[in-house]
Amino acid sequence: PAYPANRSRGYPPTNVEAALPGSGKAGAFLGFVTNELVPMIDARYRTDPNDRALGGHSLGGLFTTFALLSEPGMFRRYWIGSPSLWWDKERIFALLPEARARAAHPTGRALLTVGGLEAELMVPPMKRMAAALKASFPRLETESVVYPDEEHLSVLGGAMSRALRVLYARPEILIGPADAAAYAGLWRSASGETIEIAHRGRKVLMTMTIYGSRSTSELSAETRDHLFSKTMAVDIIMERQGGAVVRLRRNAVGTEMVFERVR
């Protein structure tokens with residue numbers, strides 16, 4: 001019986017006393033997080049104070065929205081899952097003008113998610129909040145996803161997985177024509193596995209043989225000489241001599257293998 005009372009006390013920013021006595025103390029909870037919890041974590045663990053993340057689902061998503069709008073410098077990555085923006089007649093939207101007026105705006109990345117079966121109570125407010133964040137805070141990269149055929153609880157697995165991949169997505173740079181040409185060629189490991197790299201227009205394609213099977217995927221670039229495949233969980237590190245790529249190291253599921261140029 002204490003579960004709804006505890007959640008409604010710490011997560012929502014406004015009080016609806018008649019329905020849930022003691023509700024609406026998100027400000028106090030956020031104060032605990034910023035003044036007690038975060039310093040304790042920073043003291044005990046190797047943290048990056050400039051790159052904190054906060055995420056929550058349902059009333060937790062409402063609280064995450066409140067934190068984003070109230071303390072824009074505390075976090076840089078936000079997952080706002082199936083947020084209960086309907087709380088207290090959608091009063092959370094009233095915080096947007098005040099947040100826009102502050103000198104410090106939210107920065108970083110935000111992902112808002114909701115299940116398509118959560119219907120009018122959840123889906124339209126989430127879409128409106130995502131649009132408002134995108135329009136109001138250009139330095140906050142905001143994305144939103146509606147998951148078809150998922151409801152309030154079934155959406156959790158896919159939404160959390162997507163949040164980690166979006167909020168912690170690798171940086172990407174364009175692969176220039178000269179580098180694409182330098183990567184191209186046939187490469188072989190000591191065990192006889194091969195990697196063939198070719199460029200087709202703006203795409204750099206990698207074809208690998210693994211235990212006799214061939215697979216082709218597109219390569220993206222984190223840095224000039226650190227490439228990766230989004231579809232195969234493979235990293236390719238280029239080694240140069242005098243500017244020419246002479247060797248590459250492939251890391252696949254934690255195992256590294258060296259490939260020498262064949263041609």
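Phe 29 is partly exposed, because its relative accessibility is 29%; buried means under 20% relative accessible area, exposed over 50%, and partly exposed in between, with a 1.4 Å probe and protein chains only. Phe 32 falls in that class too, at 35%. This is a predicted model, in which local features need pLDDT of at least 70 and side-chain atom pairs count only at pLDDT 80 or more, while totals for chains, interfaces and linings use all residues. Residues are numbered from 1 along each chain as its sequence is written, and side-chain values use heavy atoms, with hydrogens and water left out.

Both residues lie in helix 2, residues 26-44, three residues apart, or about one turn of the helix. Helices (H or I, at least four residues) and strands (E, at least two) are DSSP runs, numbered from the N terminus.

Now the rings. Rings of Phe, Tyr and Trp (its six-membered ring) pair if their centres lie within 6.5 Å; planes under 30 degrees apart count as stacked, over 60 as edge-to-face, and the rest as tilted. That rule gives seven aromatic pairs. Phe 29 and Phe 32 make a stacked one, with 6.1 Å between centres and 20° between planes. They also belong to an aromatic cluster with Tyr 11, Phe 63 and Phe 66.

Next, the barrel. Eight strands close it in the order 5-6-7-8-9-10-11-12, with antiparallel pairing; two strands pair if DSSP finds at least two bridges between them. Strand 7 (residues 203-210) and strand 8 (residues 213-223) run antiparallel and are joined by seven bridges. Ile 210 faces Ser 213 of strand 8.

What does Glu 222 form a salt bridge with? The partner is Arg 170, with the closest N and O atoms 3.6 Å apart. Glu 222 is in strand 8 and Arg 170 in the loop between helix 7 (156-167) and helix 8 (177-183), so the contact ties together parts 52 residues apart in sequence. A salt bridge here is a side-chain nitrogen of Lys or Arg within 4 Å of a carboxyl oxygen of Asp or Glu, and the structure holds 18 of them. Glu 222 is partly exposed at 25%, and Arg 170 is partly exposed at 34%.

Arg 170 also lies over the face of Phe 228, 4.4 Å from the ring centre. The criterion is NZ of Lys or CZ of Arg within 6 Å of the ring centre and within 35 degrees of the ring normal.
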